[in-house]
Amino acid sequence: MFKKTRILILAAVTMTVMLLGSMAVFAAVNNSADEPTITKNVTIAEGVTLDNTTVTFQVKQVANADGLTAPATVATYTTDGTVSSTATEVNNIVLNLAAKIDDTKPGEYTFEVSETAPTSNDNWTIDTTVYLVQVLVKNDKTVTYSVTKKGETPATKTELTFTNAYKATTDLSVSKAVTSDANVDKDTEYEFTITFTAGGDTAPVPSKISGKIGDGEATDYTVTDSKATFKLKKGQTITFSGLPAGLKYTVTETKPTPSTVEYVDTDVAQTIDGNEQTSTKGLASKTNAVLGNKGANTVGFTNNYKEISPTGIITHYLPYIAVILLAIVAFALFIVSRRRKAARY
């Protein structure tokens, strides 16, 4: 009897220990500190503004790559991070895998992690990489993680990296004005050259640009050796649309040489991404100004002339006046000579 009692007590203790051990294993599978994390990188050109944007990643449990059936299904869920032009790299976006498998059985779990395209903007390039995260829950409470790109040989990692480019577009307007222009033909055309410098991979030099003068039709201008030329009349403004934000530019006017007035100088007013610049004199805008995408980008050229003085006019037409006067004198001498000759006879 005593022997049977001992056996029953021993069996009860054994079962209790096993039960408590089992409870200890499954009560807290929480090795979140060792979990892989997501790093988000955004490539963005200088001078481009990216407002706070939520980036979302989808985490989905799938069957193990080795063909084993995943133990229990963990619902698909998402995890988020925030990027901006002042936070182009965001680290430690958590996956929360351990929390999702807290009360499940030991075993191997496999998750696919991918990026969801931002819905707030069309200017993103999307990283289509899919990572496989394998989570091994052991009977001794330990949890190990292994990360690899889908379709590649597994390798232990601690981080999942997604890289995107943000490519915004913007406009540039160039205007033409003339002072003391009473004697300047209204149809006089002034020639300009715009020179581009790339602002990195996200702001390349285009092969052509589209410009529209006032309410007219848009015209394509070919960009050769990073330069394009165009012409404006006084009072006209041309707007180039769809330019890569972050692209650098310089606008230069060819020195005008009208014959009816005297050229003095040119005032250049400029606005860069909505910020008004100090007016300068010369025939060029600020060198390598950056096209921003939040405010206006404008360049205004005003040619200053003064009317040619009467002395100047006389000097200009003096050769013609001299010829006319010489002809008059010659004609007068001819008449006088004929009259004298007639008087002799």
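Buried means under 20% relative accessible area, exposed means over 50%, and partly exposed lies in between (1.4 Å probe, protein chains only). This is a predicted model, in which local features need pLDDT of at least 70, side-chain atom pairs count only at pLDDT 80 or more, and totals for chains, interfaces and linings use all residues. Residues are numbered from 1 along each chain as its sequence is written, and side-chain values use heavy atoms, with hydrogens and water left out.

**View A. N92 has a positive phi in strand β4.** Helices (H or I, at least four residues) and strands (E, at least two) are DSSP runs, numbered from the N terminus. Strand β4 spans residues 89-94 and contains N92. Phi of N92 is near 60°, and N92 is not a glycine. N92 is exposed, at a relative accessible area of 55%. Most residues other than glycine have a negative phi.

**View B. D225 has a positive phi in a loop.** The loop runs between β12 and β13 (227-233). Phi of D225 is about 55°, although D225 is not a glycine. D225 is exposed, with 71% relative accessibility.

**View C. Y263 and Y305 form an aromatic pair.** Rings of Phe, Tyr and Trp (its six-membered ring) pair if their centres lie within 6.5 Å; planes under 30 degrees apart count as stacked, over 60 as edge-to-face and the rest as tilted. By this rule the model has nine aromatic pairs. One of them, Y263 with Y305, is edge-to-face, with 6.0 Å centre to centre and 65° between the planes. Y263 belongs to strand β16 (residues 261-272) and Y305 to strand β20 (residues 298-307), so the pair ties together parts 42 residues apart in sequence. Both tyrosines, Y263 and Y305, are buried.

**View D. Five rings form one aromatic cluster.** The members are F192, Y221, F230, F240 and F301.

**View E. The charged end of K176 sits over the ring of Y190.** The rule asks for NZ of Lys or CZ of Arg within 6 Å of the ring centre and within 35 degrees of the ring normal. Here the distance to the centre of the Y190 ring is 4.5 Å.

**View F. Strand β11 pairs with β12 and with β14.** Two strands pair if DSSP finds at least two bridges between them. β11 (residues 208-213) and β12 (residues 219-222) run antiparallel, joined by four bridges. S210 has D220 in β12 as its bridge partner. Five residues lie between the strands of this hairpin, where G214 takes a positive phi near 55°. β11 also pairs with β14 (residues 237-244), antiparallel and over four bridges. There, I213 has I238 as its bridge partner.
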